[in-house]
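Morning, everyone. Please have a look at the sequence and the model on the screen. I'll start with the charged side chains.

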Amino acid sequence: MKHFNYSLAAISMLAGLLPALVQADTLAVTNAKIYTSTEQGVLSNASVIIEDGKIIQLNPDVVNADIIIDAKGGILTPGFIGAMNPLGLVEVGQEKMTRDTNDKAADMTFDPSLAFNPKSVAIPFARKGGITRNIVAPGGGETIFSGQTIEVTLTGEWDSVVATEQALFVSLGAKHEGSRIIGMQNLINKLEEGQKALAKSDKDADKTPSKEALIINAVLSGDKPVIAYADRGSDILQLIKLKQRFNIDLVLLQAADAVLLADEIAKAKIPVVMDAMRNLPESFDSLHNSLDNAGKLSKAGVKVVLATPGDAHNNYALRYSAGNAVANGMNYDDAMAAITSNVADTFHLEAGRIAVGMPADMVLWSGDPFEYSSHIEKMWIGGEEQSTESRQDVLRDRYMTKSSMPQAYTK
């Protein structure tokens with residue numbers, strides 16, 4: 001019996017060691033033009049080696065890997081990162097039962113991760129546009145506090161939510177009824193109350209802070225960014241003052257008048273998340289929308305993030321938005337950074353660069369990714385190759401396939 005028990009113990013120990021003994025395959029992509037989105041810039045005829053989902057070597061002298069993919073001069077970029085959209089929260093925009101972006105009762109605690117659907121058909125379509133990660137934003141409720149953003153990968157797997165309660169989303173500016181003053185005052189009051197509460201926290205050490213108090217505390221400590229939607233210059237100036245007064249990590253969203261205050265925004269080191277395709281006024285707050293705004297802000301030293309805010313189904317077109325920004329004066333490398341490394345820096349993500357130690361989120365393109373005719377050859381998220389087939393592809397094949405059955409039917 002003792003010998004039997006010893007055997008069981010040995011088997012158990014061996015089983016515990018097996019995962020360590022099994023080495024994951026290494027993958028190399030060679031002969032690629034690599035846009036690193038780092039200080040190394042663009043590397044020609046270069047190689048990258050990944051293992052266990054991470055980049056372990058960049059352009060080594062000798063390539064040793066279990067699997068080698070010859071890019072044949074193709075372009076390899078970091079996976080693009082979408083931002084401030086409801087991807088995974090909306091299936092059919094006109095069907096209320098498939099929209100989980102907003103609710104009247106929503107406040108700053110509103111958490112999109114509770115409803116995020118990794119199986120949404122919009123996710124494979126976004127992957128076709130080279131997007132590997134996304135910042136999902138809620139739509140909020142009746143207050144200025146829309147909720148908090150989350151970070152997700154676009155694998156379509158159940159574990160694709162990477163981080164929750166990431167940034168506080170605040171919506172300011174003109175209202176259909178009432179004054180914009182109330183919104184700005186509400187934000188100032190919350191920050192002032194939080195500052196006072198922190199000052200006397202030692203006296204109330206035994207008191208458990210509310211969820212909202214914890215969020216404001218994180219904002220005041222700089223651990224949680226504030227994403228503030230505001231278009232008018234006067235609102236942007238007030239937000240710059242708030243950043244200076246409370247030392248918060250502030251990000252401007254859309255900010256049509258940012259071009260009028262580019263030097264001030266750059267000096268305050270405030271990133272701007274914007275849609276480069278906003279070219280017409282949508283209200284009296286956005287009279288300065290223009291296709292060349294992204295280029296102007298970038299040249300002024302503002303960290304620009306290009307996005308398709310508020311649109312769950314148009315992330316695919318992010319690369320076209322970047323291409324149009326280049327066509328209207330934005331530097332090409334700045335546009336590439338605006339959908340990769342700048343997004344990672346703004347939202348504090350471990351992504352957006354092809355560099356040793358970073359997650360292997362990469363896309364191999366047939367040509368310039370900003371060109372309409374280019375397509376994805378291969379895509380990896382965390383080192384795992386991803387499919388680029390979408391529902392649109394399936395429907396195309398269904399309707400184009402010849403059959404003895406009536407059109408739209410299959411055998």
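There are 17 salt bridges here. A salt bridge means a side-chain nitrogen of Lys or Arg within 4 Å of a carboxyl oxygen of Asp or Glu. Before I go on: this is a predicted model, where local features need pLDDT of at least 70, side-chain atom pairs count only at pLDDT 80 or more, and totals for chains, interfaces and linings use all residues. Residues are numbered from 1 along each chain as its sequence is written, and side-chain values use heavy atoms, with hydrogens and water left out.

Take R133 and E151. Their side chains form a salt bridge, 2.8 Å from N to O. R133 is in strand β7 (residues 131–136) and E151 in strand β9 (residues 150–153), so this pair ties together parts 18 residues apart in sequence. Strands (E, at least two residues) and helices (H or I, at least four) are DSSP runs, numbered from the N terminus. Are these two residues buried or exposed? R133 is buried, at 9% relative accessible area. E151 is buried too, at 5%. The cut-offs: buried is under 20% relative accessible area, exposed is over 50%, and partly exposed is in between, with a 1.4 Å probe and protein chains only.

Next, K190 and E212. Their closest N and O atoms are 3.3 Å apart, in a salt bridge. K190 lies in helix α3 (residues 180–199) and E212 in helix α4 (residues 211–220), so the pair ties together parts 22 residues apart in sequence. K190 is partly exposed, at 23%. E212 is partly exposed as well, at 25%.

There is also a network: salt bridges link K128, D393, R396 and D397.

Now the rings. The whole structure has 6 aromatic pairs. Rings of Phe, Tyr and Trp (its six-membered ring) pair if their centres lie within 6.5 Å; planes under 30 degrees apart are stacked, over 60 edge-to-face, and the rest tilted. F125 and Y316 are stacked, 4.7 Å centre to centre, with 20° between the planes. F125 is in helix α2 (residues 122–127), and Y316 is in the loop between β15 (304–306) and α8 (318–327), 191 residues apart. Y316 also pairs with Y320, edge-to-face, at 5.8 Å and 75°. Y320 is buried, at 14%. Ring pairs link F125, Y316, Y320 and Y372 into a cluster.

Last, strand β16, residues 362–365. What covers its faces? M362 and L364 on one side, V363 and W365 on the other, are all buried.
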